[in-house]
Amino acid sequence: MSNLSKRVQSITPSVTLGIEAKAKELKAQGKDIISLSAGEPDFDTPAFIQQAAIKAMQSGFTRYTAAAGTVELRKAVCAKLERDQGLKFAPDQIVVSCGAKHSLFNIFFALLNEGDEVIIPSPFWLSYPEMAQMFGAKSVFIETAQASGFKVLPAALEKAITPKTKIFVINSPSNPTGAVYSKEELQALVAVLKKHPHVTVVSDEIYETLVYDGRKHYSIAQLDPEVGARTILVNGMSKSYAMTGWRLGYAAFPMKDAAKAVAGFQSHSTSNPTSFAQSGGLAALEQGAADAKAMCEVFEKRRTWFYEQISRLPKLKPFRPEGAFYLFVDIAETGMGSLKLSEALLEEIALAVVPGLPFGSDRHIRMSFATSEKNLEKAVLRLAGWLNKHNPHPASAQR
Ligand SMILES: Cc1ncc(COP(=O)(O)O)c(C=O)c1O
């Protein structure tokens, strides 16, 4: 019998990765599975980014780098944050890690003590509460509603803050809902945060470049200097430049001691992010804007089409995503919970979707449109057939 720590025993493995694995297994057995479970772009990494990494590797850039990432890459992150968010950082305030997930893990490790509270808007990206749990902190969820765009209202934030609050996590554009906070909505939250200077804000902006209908992405860090001075901004290359497997993300710390501490303990865990991956990341940050925009346009077209199709089906009430690449669908009218429904769809029509339960809502499922238009069309047909079979209702069947 293994001797696992209490901490490790308390962790729930990622359900999203689990479903993806099950769908892949069924596919390998020859089943015609359509998977809408992906949390990553279905595009290849742009060729010039691949070339930058290949060139780096061939020219011998294959050794350890500085723990916080190369100075060139950290300077490029600073230039990006100044260009896109108007935020000024120095390279010693940036720590590059092995994915934004790793950056978030490091931040939670650096900030949280046993018994601290982490405020997490719900529905949420499922790793936040797991990470809080790993460090003995308590997750305090703020429930948001589909009718109010899955946004945290200022009064709800005010109510959730206690003297024990250490971190408020904000994720815009959001996984799983696709909600994107407007400047005004963020300003309303800033007004609350100004009254509570003991709270550190962690702003996860990994879907930054994926915003639709002419929206602009705002970072809460750029709206107020005082709140900005206690906001740690997290971003990365995974979603914007189709680089999920490269494992590159970064955090920008207004507080230099925090950056130093994180770089310090990162030197004892991964040492540094992979050297030649960083060269690809540098190319992406410096020259990737056009590719990111082109991918966003494809996602937006799919979003529009997929949302309209799913809206027409009986019993399903999707939220129209404002960003990211997920359709979050209210399934309450099916009378089934999200786990049962997801299982039924996988078994009966070979359609892999992600249950909302681990994201904090059992009345939703998440369907990713980071897959081909052909797959989305097939998925709609299969769902329509399944709903008609399971809910034979003449009025809804005709809709
Ligand atoms: C909201 C959110 N944050 C962070 C991440 C982590 O991204 P990565 O570690 O690939 O940079 C993801 C990935 O699914 C995500 O959805």
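**View 1. Lys317 and its bridge partner in strand E10.** In this predicted model, Lys317 has Asp330 of strand E10 as its bridge partner. Strand E9 and strand E10, the latter covering residues 326-330, run antiparallel and are joined by two bridges.

View 2. Four strands, taken in the order E9-E10-E13-E12, make up an open sheet whose pairing is antiparallel. Strand E9 (317-318) and strand E12 (354-355) are the edge strands, each of them pairing on one side only. Helix H12, which spans residues 289-312, packs on this sheet and touches E9, E10 and strand E13 (364-368), while the direction of H12 makes about 15° with that of E10.

**View 3. The crossing of helices H13 and H14.** The axes of helix H13 (residues 338-349) and helix H14 (residues 373-390) come within 11 Å of one another and cross at roughly 110°. Because angles of 65 to 115 degrees count as roughly perpendicular, H13 is described as roughly perpendicular to H14. On the H13 side, the contact is made by Leu341, Ala344, Leu345, Glu348 and Ile349, and on the H14 side by Arg382, Leu383, Trp386 and His390. Sorted by class, this contact of H13 with H14 has six nonpolar, one polar and two charged residues.

View 4. Gln278 is found in helix H11, which covers residues 275-287, and Gln278 counts as buried because its relative accessible area is 1%, whereas the cut-off for buried is under 20%. The side chain of Gln278 makes a polar contact with the side chain of Thr65, at 3.0 Å. Leaving aside residues up to four places away in sequence, Gln278 touches Thr65, Gly69, Thr70, Leu73, Leu248, Asn272 and Pro273.

Key: Residues numbered from 1 in each chain as written. Predicted model: local features only at pLDDT ≥ 70, side-chain atom pairs only at ≥ 80, totals over all residues. Heavy atoms only, no water. Axes fitted to C-alpha atoms, helices over the stretch in contact; angles between N-to-C directions. Parallel < 35°, antiparallel > 145°, perpendicular 65-115°, else oblique. Contact = heavy atoms within 4.5 Å. Nonpolar A, V, L, I, M, F, W, Y, C, P; charged D, E, K, R; others polar. Buried < 20%, exposed > 50% of the residue type's maximum accessible area, 1.4 Å probe, protein only. Polar contact = N/O pair within 3.5 Å; in protein donor to acceptor, adjacent residues only side chain to side chain. Pairing = 2+ DSSP bridges.
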